[in-house]
Structures are given as structure tokens and as C-alpha cells.
Amino acid sequence: MIESSKTEARFMTVEDLDQVMIVERDAFTIPWRRELFEQELEVNKFAHYLVYEKDGQIVGYCGLWIITDEAQVTNIAVHSEYRGNGYGEELLSYAMSFAKLMGTKRLSLEVRVSNHVAQSLYQKLGFEPGGIRKNYYADNQEDALVMWVNVS
């Protein structure tokens, strides 16, 4: 668990979903439905989700799929009111540490080619560009940059 003043990262539970959905709707133009999160938490044996809390309020979350020695960030979001405070970096760092603890060697994610702020954060944590997924985002067919980092 990460703690610094009144913030912490911990594993997500179904009871967290009301607050997670607030972050999800704030962060994404096409948010996941609550049922998708429920399935990830209750059915998908590869899924691991973390929340980041400040003073008891969920301000961000990160999802991982861990399959053997590779992991994929399914989504990461920090509510717009809390961005720019290092919470996303702390949350992703914690997720990377967890993935390493689970035996993961490499971690990947997709990011919009236009999202230079997120790309800078990922590069700061060691991610490197690995390719392009054409027309990846359903809302505007924007390409995704695939980024990878070794965590072992």
C-alpha cells in the first residue's frame, strides 16, 4: 500500500464502483459501464484493479490484466479535479510494482497519439513506444500509441 499524507492506493472492490464510475465518466468520452467493472472484479481471473484515495475519496484507479509474464494496463484515470498532483504517477508506479511482484516481465498500455501529457508520464516511468494501433479509439478513430516497459 502507498501512503503519503492522507492518500493511499489499494485494491478495488465492488463497493468502490459508485466512486469509480464518477472518475470513469469524468475521464473518458466513452466510459465503461458499471457491469464491465463488476465482471472484471468478479469473473476475470486475469484482472487486478487498484484505486487511489485521498481523504477517503477515490480520485483515480488503474486496471491490469496479468497473463503469465506479461501485463496490460486496461485503463488508468485520475479525476480532472485531482490531476497534476502526482497521483497518476504514484498509482501507475504501484501498479508496476504489483505486476513485478506477480512475476510480470513486461507491461504494456495504449495511449492516444494526441495525449502528450500521458505519454510524458509513461516515458518518465520507463515506457517506450512500441507501435501504433490504427483507429483504436471508438469515439473518433484516433490511433493509439502502444508503449512497453520492462518491470523485471
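Analyst: A crossing is left-handed if the near helix is turned anticlockwise from the far one by less than a right angle, and right-handed if clockwise. Helices (H or I, at least four residues) and strands (E, at least two) are DSSP runs, numbered from the N terminus. H1 and H2 cross in the right-handed sense. This is a predicted model: local features need pLDDT of at least 70, side-chain atom pairs count only at pLDDT 80 or more, while totals for chains, interfaces and linings use all residues. Residues are numbered from 1 along each chain as its sequence is written, and side-chain values use heavy atoms, with hydrogens and water left out.

User: Why are H1 and H2 called oblique to each other?

Analyst: Angles under 35 degrees count as roughly parallel, over 145 as roughly antiparallel, 65 to 115 as roughly perpendicular and the rest as oblique. The axes of H1 (residues 17-27) and H2 (residues 34-42) cross at roughly 125 degrees. The pair is therefore oblique.

User: What makes the buried residues of H1 line one face?

Analyst: Buried means under 20% relative accessible area, exposed over 50%, partly exposed in between (1.4 Å probe, protein chains only). Leu17, Val20, Met21, Val23 and Glu24 are buried in H1. Seen down the helix axis, they fall within an arc of 160 degrees (taken from the directions from the axis to the C-beta atoms), so they line one face. On the other side, Asp18 and Arg25 are exposed.

User: How do you know whether Asp16 is buried or exposed?

Analyst: Its relative accessibility is 8%, so Asp16 counts as buried. Asp16 lies in the loop between strand S2 (7-11) and H1.

Note on methods: Axes fitted to C-alpha atoms, helices over the stretch in contact; angles between N-to-C directions.
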